[in-house]
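Hi everyone, thanks for coming. Have a look at the structure on the screen, and I'll walk you through a few parts of it.

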Amino acid sequence: MAIVEVKVPELSESVAEATLLNWKKKAGEAVAQDEILIEIETDKVVLEVPAPSAGVLAEIVQADGATVTAQQLIAKIDTAAVAAPAPAAAAPAAAAPAAAPAAPAAAGASKAGVAMPAAAKLLADNNLSAAQVSGTGRDGRVTKGDVLAAVAGGAQSTAAVIPTGVPTKALPQVAAPAAPNLGERPEQRVPMSRLRARIAERLLQSQSTNAILTTFNEVNMAPVMELRKKFQDAFTKEHGVKLGFMSFFVKAAVHALKKYPVINASVDGTDIVYHGYFDIGIAVGSPRGLVVPILRNADQMSFADIEKKIAEFGKKAQEGKLGLEDMTGGTFSISNGGTFGSMMSTPIINPPQSAILGVHATKDRAVVENGQVVVRPMNYLALSYDHRIIDGREAVLGLVAMKDALEDPSRLLFDL
């Protein structure tokens with residue numbers, strides 16, 4: 001017997017503990033080298049733990065939902081063992097008349113209960129196993145549509161009350177109470193994920209330690225929209241990514257931060273730390289909660305660089321693959337609630353930063369220009385700032401500088 005230990009990977013200095021989400025293998029099952037065994041959730045990211053060697057998962061030391069620390073033993077792999085054969089399910093079939101050869105049927109049935117990659121994530125989010133959903137894919141594979149249909153139809157009593165996107169930590173231990181039938185008013189109590197708990201903690205910290213004030217302005221997005229429309233095809237062909245609006249907001253924000261450095265500063269005790277670099281956090285929604293990956297040295301990035309990086313962040317966020325290095329630091333943040341249709345909001349500062357820009361939905365509105373009422377695509381911008389170090393003058397002028405840059409993008413070329 002050759003035993004290889006599976007341990008929790010090293011965590012960042014600011015992370016003391018993590019939580020095991022759900023094992024993807026059971027004890028006694030064969031594993032391949034580098035096959036993902038389990039996901040570990042910290043208060044910042046979700047880490048995947050691969051198998052260090054091929055073999056059989058001999059023992060699971062720490063179960064789903066366990067709290068663990070860096071380098072803690074969580075499982076053992078026997079590299080010399082062979083996985084035990086699956087329980088014979090062909091006994092009833094043996095009593096049936098021997099008609100067609102069994103081999104082809106077994107080959108097709110072997111795919112039943114196997115989920116496609118996109119379906120596997122939905123199954124985990126809704127606390128289901130592939131065996132609980134009827135597969136309509138090739139050879140009985142479970143597709144994303146199968147999972148959505150099962151959830152919508154309430155095929156499983158527990159899945160019917162678990163919202164899509166709720167992390168599955170400790171859900172197997174949450175049993176429906178044996179008492180009263182709640183009828184059409186079901187409830188289920190689930191613990192916060194570490195990421196959600198950390199988000200709550202940081203938001204409360206921001207509200208209690210910062211003197212938050214928000215200033216608003218409106219911007220005519222027509223110049224940006226016209227510029228984007230004019231160069232969209234050429235930009236996409238040249239860079240392999242679409243020209244979005246966020247790169248304009250990032251460029252306008254950096255433009256304003258250069259003019260008013262205190263908006264890019266942070267508080268450290270009784271000191272104000274002025275940053276000579278521009279690391280812009282972009283708030284991104286993920287199945288496990290809001291995350292803020294960082295565009296480092298955004299002032300040195302081109303429009304294409306920004307769009308590519310944001311697309312990469314979005315993909316990694318949806319797959320739960322954002323690393324600690326992606327979200328560490330940041331001097332200023334941008335939150336785009338307009339993606340979901342928000343018309344107005346007051347964003348909360350992401351500590352230890354001192355300001356955040358809220359972007360909203362662009363809508364046609366009646367405005368007055370030169371004494372005439374005209375229709376323009378307008379966007380309301382909101383800048384929340386820490387009034388302890390940023391005065392109203394700098395905040396208002398900083399937001400005006402962003403507005404001017406967006407209404408006349410040529411200013412960005414000449415740093416005006």
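**A quick tour of the fold**

Let's begin with contacts, meaning heavy atoms within 4.5 Å: among those in the protein chain with a separation of 6 or more, 64% come from residues 24 or more positions apart. Bear in mind that this is a predicted model, where local features need pLDDT of at least 70, side-chain atom pairs count only at pLDDT 80 or more, and totals for chains, interfaces and linings use all residues. Residues are numbered from 1 along each chain as its sequence is written, and side-chain values use heavy atoms, with hydrogens and water left out.

The protein chain has 11 helices and 19 strands (DSSP runs numbered from the N terminus: helices are H or I with at least four residues, strands are E with at least two). Of its 416 residues, 40% are buried, meaning under 20% relative accessible area with a 1.4 Å probe, protein chains only.

Now, the sheet. Its 4 strands go S5-S4-S2-S7, open and with antiparallel pairing (strands pair if DSSP finds at least two bridges between them). Strands S5 (46-50) and S7 (67-68) are at the edges with a single partner strand each, so one side of each has no neighbour in the sheet. S4, residues 36-41, is joined to S5 by 5 bridges, and Ile40 sits opposite Leu47 in S5.

Last stop: how do helices H7 and H10 pack? H7 (residues 246-259) and H10 (residues 392-407) make an angle of about 135 degrees, with axes 8 Å apart; axes are lines fitted to C-alpha atoms, for helices over the stretch in contact, and angles run from 0 to 180 degrees between N-to-C directions.

Methods. Buried < 20%, exposed > 50% of the residue type's maximum accessible area, 1.4 Å probe, protein only.
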